[in-house]
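Colleague: I am new to this structure. Please show me how to read its features, one at a time.

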Amino acid sequence: GKSDFSSWNPLKNSQLKGNKISGVKFSNFQVSRRRKCIPMKLKSLLSVDSAVEIEGKEGVNTGSKYDAIVIGSGIGGLVAATQLAVKGAKVLVLEKYVIPGGSSGYYQRDGYTFDVGSSVMFGFSDKGNLNLITQALAAVGREMEVIPDPTTVHFHLPNNLSVQVHREYSEFINELTSKFPHEKEGILKFYGECWKIFNALNSLQLKSLEEPIYLFGQFFQKPLECLTLAYYLPQNAGDIARKYVKDPDLLSFIDAECFIVSTVNALRTPMINAGMVLCDRHFGGINYPVGGVGGIAKSLAEGLIDQGSEILYKANVTNIIIDQGKAVGVKISDGREFFAQTIISNATRWDTFGKLLKAENLPKEEENFQKVYVKAPSFLSIHMGVKADVLPPDTDCHHFVLEDDWTRLEEPYGSIFLSIPTVLDSSLAPNGRHILHIFTTSPLEDWEGLPPKDYEAKKELIADEIIGRLEKKLFPGLKSSIVFKEVGTPKTHRRYLARDMGTYGPMPRQIPKGLLGMPFNTTGISGLYCVGDSCFPGQGVIAVAFSGVMCAHRVAADIGLEKKSPILDAALLGLLGWLRTLA
């Protein structure tokens, strides 16, 4: 049975030891934090390119009718696909690249295994209801070994403010109050409100908020928790922080905390998203999968095939086929067409409605979405291999650097996010080497229209400047220790991840009403659903996994695999649509 975590006290939790439940296995964690031997066949993960191409060519019959086709194999798409397959649906996932994962994929160069996107992995714990990656893997009989990260992130901020976010909540609070002793009460109250949200979310069985039978059932079982979430739904973290905190530097620190969650400041970050992330890092913790983040998508894809569903690689969807107003199939770039009862797009909403549905008029709902949200900027990413001795022995895995000026937090190239996953898993790099994955926000416009030579020169120039800042702030001698370096721009992200403008996800145009304006999974087109970071609840690994779980539940109800009530459906979907217009 499920434990009830609704009243979990974050100040009394205990450290993880070597244990496991289905879906996740914790490594005993040594103080040195350097793992020497890792019992996992890395070959199987990393020679995936050749394996999946063969897998993808066999047995996919264009004539056969599927229950659902999923466009794209990001974490959101794969969670939706596997959850549906487990319920008995026949699913086909179409992926344009040669491996699954999207922004949570990986690539290899010169003996290094690089994560494409973030290495900060939420949702991988062994308790509660928000460990959605663990649950998704367990649903298809998969588990991964993980390494607990003792520090979620180490902030290096203006006025020499240095804050380590320790896994233990009490240690984090002690550290933060030691920097702002006059704000101790405000700190406890703000993070205390985050815990109210987290505990409410963590006590519910998370399914589709667009499915009334589930929604009313949850409400009758847990009315207080549901009302708590309804209360916070239209609110932003910055407003709540300002109720309790006056110190401008502490408010700026909370902005930086939220920027990591949402790429915007606290005033524009929904309180529900802040509560989910700022507490789960202490409750379930950040846990890095042995062998790299790419193993998550690979394990989900294997589990999907085990369930009798299919995944096709090098399958670039160019059109969603509409028949009499209903989405009935897709066309891929080689001309083949596939048909299904339902189509689930893991592309961004901009790509789904702007590119895959070219001929269709934009549904009113999507017009509203595009009024409330704009595309967040993309990223410049630098993947490096460096000589290990350039890092001090107790270096943390994740760093956030903004040296001099709080006003640069959200500006292009202002804040630098750095991951060093080899601090936790040394098998990702050759002996005596570390991986540095550096990223900073960067708009696509900066890179458009440049001749190839100028484009390459600009990449080197900006990368050199960013690395120089890290050398000055954190690691003296960094530049001379570089053994391997590869720079990706927003154009790289657009090309490989098929994201309009290389965007990181949706960003509110103005100060939003919390999550009120964020659309769910259904769309204005019958039979078409969206999943991923341009759906409720937004960006981040837990958020997209949650959108995948919600989407699978709603689709399963619509194709007869879960209970549904057409009358209640119409009423609830109408009500939710009206609520979104208030944003």
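Modeller: We will take a sheet, then some helices, then a few single residues.

Modeller: This is a predicted model, so local features need pLDDT of at least 70, side-chain atom pairs count only at pLDDT 80 or more, and totals for chains, interfaces and linings use all residues. Residues are numbered from 1 along each chain as its sequence is written, and side-chain values use heavy atoms, with hydrogens and water left out.

Colleague: What is the strand order of the open sheet?

Modeller: Start with the general idea. Strands of a sheet pair through backbone hydrogen bonds, either parallel or antiparallel. Here, two strands pair if DSSP finds at least two bridges between them. Helices (H or I, at least four residues) and strands (E, at least two) are DSSP runs, numbered from the N terminus. The open sheet has seven strands, in the order β9-β8-β17-β18-β19-β16-β20, and its pairing is mixed. β9 (161-166) and β20 (482-488) are the edges; each has a single partner strand, so one side of each lacks a neighbour in the sheet. From one strand to the next, the twist averages 15°. Axes are lines fitted to C-alpha atoms, for helices over the stretch in contact, and angles run from 0 to 180 degrees between N-to-C directions.

Colleague: Which residues stand opposite H154?

Modeller: Look at both sides of its strand. β8 (residues 151-157) runs parallel to β17 (residues 398-401), joined by three bridges. There, H154 faces H399. β8 and β9 pair antiparallel over six bridges. In β9, Q164 is the bridge partner of H154. β8 and β9 form a hairpin with three residues between them, and N159 in the turn has a positive phi of about 60°.

Colleague: Which face of helix α15 is covered, and by what?

Modeller: Check burial residue by residue. Buried means under 20% relative accessible area, exposed over 50%, partly exposed in between (1.4 Å probe, protein chains only). In α15 (residues 452-473), the buried residues are Y455, K459, I462, A463, I466, I467, R469 and L470. Seen down the axis, they fall within an arc of 150°, so they line one face of the helix. That arc is taken from the directions from the helix axis to the C-beta atoms. The face turned away carries exposed K453, L461, E465 and K472. Contact means heavy atoms within 4.5 Å. The cover over the buried residues includes β16, β17, β18 (416-419), β19, β20 and α16.

Colleague: How many residues of α17 are buried?

Modeller: Of its 18 residues, 17 are buried, so α17 is largely enclosed by the rest of the structure. The expected span is 1.5 Å times one less than the number of residues. For α17 (residues 541-558) that should be 26 Å, and its end C-alpha atoms are 26 Å apart, which agrees. G560 follows α17, with a positive phi near 90°.

Colleague: Is N287 buried or exposed?

Modeller: N287 is buried, with a relative accessible area of 0%. N287 lies in strand β10 (residues 287-289). Its side chain makes a polar contact with the side chain of R167 (2.9 Å). A polar contact is a pair of N or O atoms within 3.5 Å; within protein, one must be able to donate a hydrogen and the other to accept it, and residues adjacent in sequence count only if both atoms are side-chain atoms.

Colleague: Is P566 buried or exposed?

Modeller: P566 counts as exposed, at 58% relative accessibility. P566 lies in helix α18 (residues 566-581).
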